[in-house]
Amino acid sequence: MKELTLDRLREDGQAFTEEISRESYLAHSGHKASADFQPIYGKYANVLGDEALGLTLDLFKDSAKGTDEHRSAALLLEWQLESQASRSLAELDEREIEWERNAVITTPDGQQVQYQAAAIEIANEKNRVKRLALDDARAALVQQDHAPMRLERIQREKDFIESLGIAPTYNAAFEEITGVSLDSLAKECAAFIRDSQAMWDETLPYHLKKSLGLKPGEATRSDALALLRASEYDGAFPGQHLQSSISRQIKEMGLDPVADGRIIYDVGDRPGKRARAFCAPTRVPEEVYLVLRPHGGQSDYTTLLHEAGHALHFANVRSDYPFEYRWLGDNSVTESYAMLMDHRMQDRRWLLRYTELGTGNVDDFLRLAGFEELHYIRRYCAKLIYEVQAYGDNADWKDLPDLYVETLTSATNFRYRAADAFVDFDARYYSTRYLRAWQLQAQLNESLVSRFDLDWFRNPGAGPWLISDLWSEGQRESAEEIASRVSGTGEKLSFAPLLRNIEMLLGS
Ligand SMILES: [Zn+2]
């Protein structure tokens, strides 16, 4: 057997990543009834074994911080850990995908709903009694089947990482490799929840009453789904114009929405398609799938904008960059580009130009957008605080459902369910990626405004700048490095610009 070199690791690593990405695209989009990950892991055993891990660990330890070599090593090491953990859990993942695809919810009155479409049905159900019954049935099924699968995966992944001995604990290993401080971020999150409390207490009762006729304390998470679905605005966000409106904006920004055919849109309804949209960069930058299952109304616009941000990013990465810069790295970066796009749904000028909202409705809509933004950030802050405790040393898995309900309910005032404690859980701290992306996109927006004006999204210079200064770099840099570079003043990531934006929206 040939000795594994760095070049070989890159080459085979890329081929492996492409096959896994294609397989999950096919399974999650409903094109394939099940996912066959295990044969792929078997085929690429050479890049997923002890030798590959040893090679990347040595590179990481032996290279000097601040060098390109160390940068590459950190990205490759994180990828090794994630891939090797996933390999050991491939059977579980296949089982979960198959279960999700076939699971059906039955309410007491005999209504049957695909498990994967439950969130869509709940959000669209205007009759509260039926909505709660549907959610009861969903939660019972989660409790019985899905939660045990998720819990097993979280536990086994944690055991696997700890067994490698990179750092004394799971959390310390995460921090060591990613450079993200969980403790500081959790503190920032707690501060955000505190600093926005008065604003939240003032805003929540109004929207609950207006949209659902409820008082704080009565509402559940399923009510939150219905409220944020905001079906009263459906007329302004027609499904038949979804793709054309957003394509028009991307063109006005000086870009090709399909990136010369490298981006493939998959936005139709199909049984077996996941409710949660995703972007599958199957070959970077040559072949990127954007998959969305329509829910209806404004949420589809937000989702398509978000996924288009990912797709434009991956389809415009420099093709001469090594595997790790194109494929791997800090996912806060790609999430920030996705959020930079989806935050146009909070942009008065964007809404007036690309939707049918009109001047008569835009202020009301922006106030709702401010409420929604505040809700989601508070929810994500609470999720991170919960997850840090859940992954912590002193956690007892049995106590986590109660901790989850308490943490999430107190931050959002929507009643959460114990059944969701392991399903509504971002493994490997993906929530840190979202939270830092939120912060970064706010700064990027400010940079774009200063360079290309308030309506940068239709400035033909903005798109080419996004490609040359941001997207082409892949995820070579971390979110912190990009914030510092793009601001030109070494700015740090923080929630401050987000709070300012929410205040402005709520005052519309
Ligand atoms: Zn995303």
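The entries below go from the whole chain to its cores, domains and single residues.

**Entry 1: the whole chain**

First reminder to myself: this is a predicted model. I counted secondary structure and got 22 helices and five strands. Next I checked the overall size. For 508 residues a compact globule would have a radius of gyration near 23 Å, and the chain comes out at 22 Å, so the two agree. The C-alpha trace spans about 70 × 55 × 45 Å along its principal axes. Burial: 45% of the 508 residues count as buried.

**Entry 2: the cores**

I went for the largest nonpolar core, and it has 124 residues. Those with the most contacts inside it are Cys189, Val288, Leu290, Ala308, Ala311, Cys381 and Trp438. Which helix gives the most to this core? That is H17 (residues 358-390), with 14 residues. The core takes at least three residues from each of domain 1 (1-100) and domain 2 (186-506).

Beyond its neighbours within four places in sequence, Ala311 is in contact with Ile263, Cys279, Val288 and Leu290. There is also a second, separate core of 13 residues, and Tyr44, Val47, Leu48 and Ile97 are among them.

The domain assignment gives me domain 1 (1-100) and domain 2 (186-506). Their C-alpha centres lie 27 Å apart. The contact uses 18 residues of domain 1 and 20 residues of domain 2. On the domain 1 side, H1 (6-28) and H4 (68-88) each supply at least two residues. Of the elements there, H1 gives the most, with ten residues. I sorted that side of domain 1 by class and got four nonpolar, nine polar and five charged residues.

**Entry 3: Leu4**

I looked up Leu4, which is found in the segment before H1. Is Leu4 buried or partly exposed? I have it as partly exposed, with 16 other C-beta atoms within 10 Å; 20 or more would be needed to call it buried. Leaving out residues up to four places away in sequence, Leu4 touches Leu9, Asn46, Glu51, Ala52 and Leu55.

**Entry 4: Leu134**

Leu134 lies in H7 (residues 128-163). Leu134 is buried, as 21 other C-beta atoms lie within 10 Å. Not counting residues up to four places away in sequence, Leu134 touches Thr107, Val113, Glu121, Ile122 and Glu125.

**Entry 5: H21**

Which residues of H21 (residues 479-487) are buried? I found Ala479, Ile482 and Ala483. They cover an arc of only 100° around the axis, so they sit on the same side of H21. In general, an α-helix has 3.6 residues a turn, so residues three or four places apart point the same way. The buried residues of H21 pack against H15 (331-342) and H19 (430-452). Just after H21, Gly488 takes a positive phi of about 75°.

Background first: most residues other than glycine have a negative phi, and most peptide bonds are trans.

- Val284 and Pro285 are joined by a cis peptide bond, with omega about 5°. I placed Pro285 in the loop between S4 (278-283) and S5 (287-291).
- Ala230 has a positive phi, near 50°. Ala230 lies in the loop between H11 (221-229) and H12 (242-252), and it is buried, with 21 other C-beta atoms within 10 Å.
- Asp453 has a positive phi too, near 80°. Its place is in the loop between H19 and H20 (462-470). Asp453 is partly exposed, with 14 other C-beta atoms within 10 Å.

Methods. Residues numbered from 1 in each chain as written. Predicted model: local features only at pLDDT ≥ 70, side-chain atom pairs only at ≥ 80, totals over all residues. Helix = DSSP H or I, 4+ residues; strand = E, 2+ residues; numbered from the N terminus. Rg over C-alpha atoms; globule rule 2.2 N^0.38 Å. Buried ≥ 20, exposed ≤ 12 C-beta atoms within 10 Å, placed from the backbone. Core = buried A, V, L, I, M, F, W, Y, C linked by C-beta atoms within 7 Å. Domains from an automatic or database assignment. Contact = placed C-beta atoms within 7 Å. Nonpolar A, V, L, I, M, F, W, Y, C, P; charged D, E, K, R; others polar. Arc of directions from axis to C-beta.
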